[in-house]
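Dear colleague,

Please find below the structure that I am handing over to you.

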Amino acid sequence: MSPSLETVNQESLFTMLKGEPGTRKSTEALSYPTPQYWISTDQKMEALTLPAKKWGVDMKEINFDDYNDWEKPRAMLEKLQVNCPYKTIVVDSITSIGDCMTRQVKKTKKA
């Protein structure tokens, strides 16, 4: 017998939102449970303030750090594996974090 939705573990979801730029993937992520922590590599968090206000999202529940390399977000993700006070972790965006990783590898190879 196939499982039903009642057997899905709602405590832990892994979601990847894919789409063209400007299709509101980040805005959709605001609908996930709070508190949230965002690993921001696009440095566009201010764009979320308008939809967050419109939806009544408590801005104090949305925490973020802007990153432009891979070492610091990697360290943060390792820290969150041990102690995570957040219900939702968002990496925005996958493309930009991949670019950060690639730059880090290139920098390491040159050294």
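Predicted model: local features only at pLDDT ≥ 70, side-chain atom pairs only at ≥ 80, totals over all residues.

Residues are numbered from 1 along each chain as its sequence is written, and side-chain values use heavy atoms, with hydrogens and water left out.

Salt bridges

A search of the whole structure finds 2 salt bridges. The term stands for a side-chain nitrogen of Lys or Arg within 4 Å of a carboxyl oxygen of Asp or Glu. In general, side chains of opposite charge can pair when their charged atoms come close.

Glutamate 71 forms one with arginine 74, with 2.2 Å between the closest N and O atoms. These two residues are 3 residues apart in helix α3 (residues 71-82), so about one helical turn separates them. Helices are DSSP runs of H or I with at least four residues, strands are runs of E with at least two, and both are numbered from the N terminus. Arginine 74 also forms a salt bridge with glutamate 78, where the closest N and O atoms are 2.6 Å apart. Glutamate 78 and arginine 74 both lie in helix α3, 4 residues apart, or about one turn of the helix.

As to exposure, buried means under 20% relative accessible area, exposed over 50%, and partly exposed in between, with a 1.4 Å probe and protein chains only. Glutamate 71 is partly exposed because its relative accessibility is 34%. Arginine 74, at 27%, counts as partly exposed, and so does glutamate 78, at 42%.

A buried charge

Aspartate 92 lies in strand β3 (residues 88-92). Aspartate 92 is buried yet has no salt bridge, and the nearest side chain of opposite charge, lysine 25, is 7.2 Å away. Here Lys and Arg count as positive and Asp and Glu as negative, while His and the chain ends are not counted. Leaving aside residues up to four places away in sequence, aspartate 92 touches Ser26, Trp38, Ile39, Ser40, Thr41 and Asp42; contact means heavy atoms within 4.5 Å.

Nonpolar cores

The largest nonpolar core has 9 residues, among them Ala29, Leu30, Trp38, Met45, Ile62 and Val90. Such a core is a set of buried Ala, Val, Leu, Ile, Met, Phe, Trp, Tyr and Cys residues joined through side-chain atoms within 4.5 Å. Apart from this core lies another, of 5 residues, including Ile39, Tyr67, Met76 and Leu80. Isoleucine 62 touches Leu30, Thr34, Gln36, Trp38, Met45 and Val57, not counting residues up to four places away in sequence.

The segment before α1

Leucine 5 has its place in the segment before α1, and is exposed, with a relative accessible area of 72%. Valine 8 lies in that segment before α1 (25-29) and, at 36% relative accessibility, counts as partly exposed. Glycine 19 is also placed in the segment before α1. The C-alpha atoms of leucine 5 and glycine 19, 14 residues apart along the chain, are separated by 26 Å.

With kind regards
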